[in-house]
Structure formats: structure tokens, C-alpha cells
Amino acid sequence: VSRTRPTLGSGGHRPAAAPRSSPTGTRSAAPATTSGERWLTGPAGRLIGAINADLGHLTAAKRARNHAAVRRAAALLAAAARAALRGPMPRRQARAYVSALRDFARAGAEIAAGHLGPAAALLASANAGITQVTAAADAPANAGQPAR
């Protein structure tokens with residue numbers, strides 16, 4: 001329940017609702033129309049969002065040099081990646097997606113166990129893979145076709 005009153009725009013009408021934000025950080029006013037857009041704005045997008053949040057917590061804990069928080073965030077990252085592996089797969093780039101999620105899960109498990117050595121390379125690989133997959137899913141349906 002909101003504690004503030006809704007503000008009315010000019011003419012006494014409520015302003016249009018703000019568009020939702022997608023996991024990739026872009027705002028879209030139109031509903032998802034391609035399968036990639038639907039994949040990104042659905043359950044898979046929320047799973048990727050959880051991974052991103054855990055990466056943020058991991059980074060913050062590392063910067064604070066809080067080793068217990070680093071291990072907790074890493075364990076959560078591994079769990080989020082495993083959950084995403086059980087979630088919906090993208091139509092395009094599915095192998096890259098699975099590989100990136102496995103890298104996130106392994107990196108999280110390694111860091112949580114106190115083995116930081118291989119984790120940096122795994123995190124870099126996973127980030128590159130997820131970026132590739134989400135960019136492909138977010139591409140316009142007619143990308144690469146000549147304009148008419």
C-alpha cells in the first residue's frame with residue numbers, strides 16, 4: 001500500500017506508468033515482441049538479475065576486504081548460477097549461456113571454498129559469455145537485414 005498520493009498530470013489524468021526495466025538495464029515501453037525479448041524479460045531475466053546482484057555483493061565484499069561476506073556472496077552466486085541452469089534456455093546462443101552459467105557456478109564454488117586462483121579467469125569468461133548471450137537475445141528481430 002502506497003503512503004503517498006498519486007500525482008495527477010495536466011488535465012487531471014494520472015501520468016503513464018514508467019516502463020519496466022529489463023535485466024540488461026534498458027528500458028522498454030513496448031511489450032516484448034521477439035522470443036529473445038520475452039526470454040530476457042521473463043523468468044530467465046530474473047535469474048540473470050540474481051546473478052548480477054550476487055556479483056555486485058561479491059565485488060562489494062571484496063572491496064571491503066570482508067572475507068566472510070565474500071564467501072557468502074560467492075556461495076549465493078554459485079547457487080544462482082545453478083538455478084539459472086535449471087531455468088529457461090535462450091533460443092540462440094544456448095551453448096554459450098550454459099558455459100557461462102557453469103563458469104559462474106564453478107567460480108562461486110571456488111571462491112566460497114577459499115580458492116581464489118582460478119576464479120578470476122572463470123568470472124571473466126562467464127561475464128563475456130553472458131554479455132554475448134544477452135546481446136544476441138536483445139538484438140532486433142530484423143538485425144542484419146537491409147532497410148527497405
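1. A definition to start with, since handedness comes up below: a crossing counts as left-handed if the near helix is turned anticlockwise from the far one by less than a right angle. By that rule, α2 passes α4 in a left-handed crossing. Keep in mind as you read on that this is a predicted model.

2. The overall layout, then. The protein chain has 5 helices and 2 strands, and going along the sequence they come in the order β-β-α-α-α-α-α. Of the 148 residues in the protein chain, 31% are buried. The exposed surface comes to about 9,800 Å², with carbon and sulfur atoms supplying 54% of it. As for contacts between residues at least 6 apart in sequence, 55% of them join residues at least 24 apart.

3. Back to α2 and α4. These two helices pack at an angle of about 35°, and their axes are 13 Å apart. What does each side bring to the contact of α2 with α4? From α2 there are Ile48, Ile51, Leu55 and Leu58, and they meet Tyr97, Leu101, Phe104 and Ile111 of α4. By class that gives 8 nonpolar residues, no polar ones and no charged ones.

4. Next, α3 against α4. Their axes come within 7 Å and cross at roughly 155°. The cut-off for roughly antiparallel is over 145 degrees, so α3 runs roughly antiparallel to α4. Here too the crossing is described as left-handed, with α3 passing α4. On the α3 side the contact includes Val70, Arg71, Ala74 and Leu77, and on the α4 side it includes Val98, Arg102, Ala105 and Gly108. Sorted by class, the residues of this contact are 16 nonpolar, 1 polar and 3 charged.

5. Then α4 with α5. Helix α4 covers residues 94-112 and helix α5 covers residues 119-138; they pack at an angle of about 150°, with axes 8 Å apart. That angle makes α4 roughly antiparallel to α5. The crossing of α4 past α5 is left-handed. Among the α4 residues involved are Ala96, Ala100, Asp103, Arg106 and Ala107; among those they meet in α5 are Leu122, Ser125, Ala126, Gly129 and Ile130. The class count for the contact of α4 with α5 is 13 nonpolar, 4 polar and 2 charged.

6. One residue from that contact deserves a look by itself. Leaving aside neighbours within four places in sequence, Asp103 is in contact with Leu122, Ser125 and Ala126. If you plan to go through side chains by eye, this is a handy place to begin.

7. Now two backbone points. Arg65 has a positive phi of about 55° although it is not a glycine. Where does Arg65 sit? It is in the loop between α2 (43-63) and α3 (67-85). With a relative accessible area of 70%, Arg65 is exposed. The other residue is Gln93, which also is not a glycine and has a positive phi, of about 65°. Gln93 is found in the loop between α3 and α4. At 31% relative accessibility, Gln93 counts as partly exposed.

8. Last, a couple of C-alpha pairs to check in the viewer. Arg38 lies in helix α1, residues 35-41, and is partly exposed, with a relative accessible area of 45%. Its C-alpha atom is separated by 9.0 Å from that of Ala137, a residue 99 places away along the chain. The C-alpha atoms of Gly49 and Ala80 are separated by 9.4 Å, and the two residues are 31 apart along the chain.

Definitions and conventions:
Residues are numbered from 1 along each chain as its sequence is written. This is a predicted model: local features need pLDDT of at least 70, side-chain atom pairs count only at pLDDT 80 or more; totals for chains, interfaces and linings use all residues. Side-chain values use heavy atoms; hydrogens and water are left out. Helices (H or I, at least four residues) and strands (E, at least two) are DSSP runs, numbered from the N terminus. Buried means under 20% relative accessible area, exposed over 50%, partly exposed in between (1.4 Å probe, protein chains only). Contact means heavy atoms within 4.5 Å. Accessible areas come from the Shrake-Rupley method with a 1.4 Å probe; for residues, only the protein chains shown count as cover. Axes are lines fitted to C-alpha atoms, for helices over the stretch in contact, and angles run from 0 to 180 degrees between N-to-C directions. Angles under 35 degrees count as roughly parallel, over 145 as roughly antiparallel, 65 to 115 as roughly perpendicular and the rest as oblique. Ala, Val, Leu, Ile, Met, Phe, Trp, Tyr, Cys and Pro count as nonpolar, Asp, Glu, Lys and Arg as charged, and the others, Gly among them, as polar.
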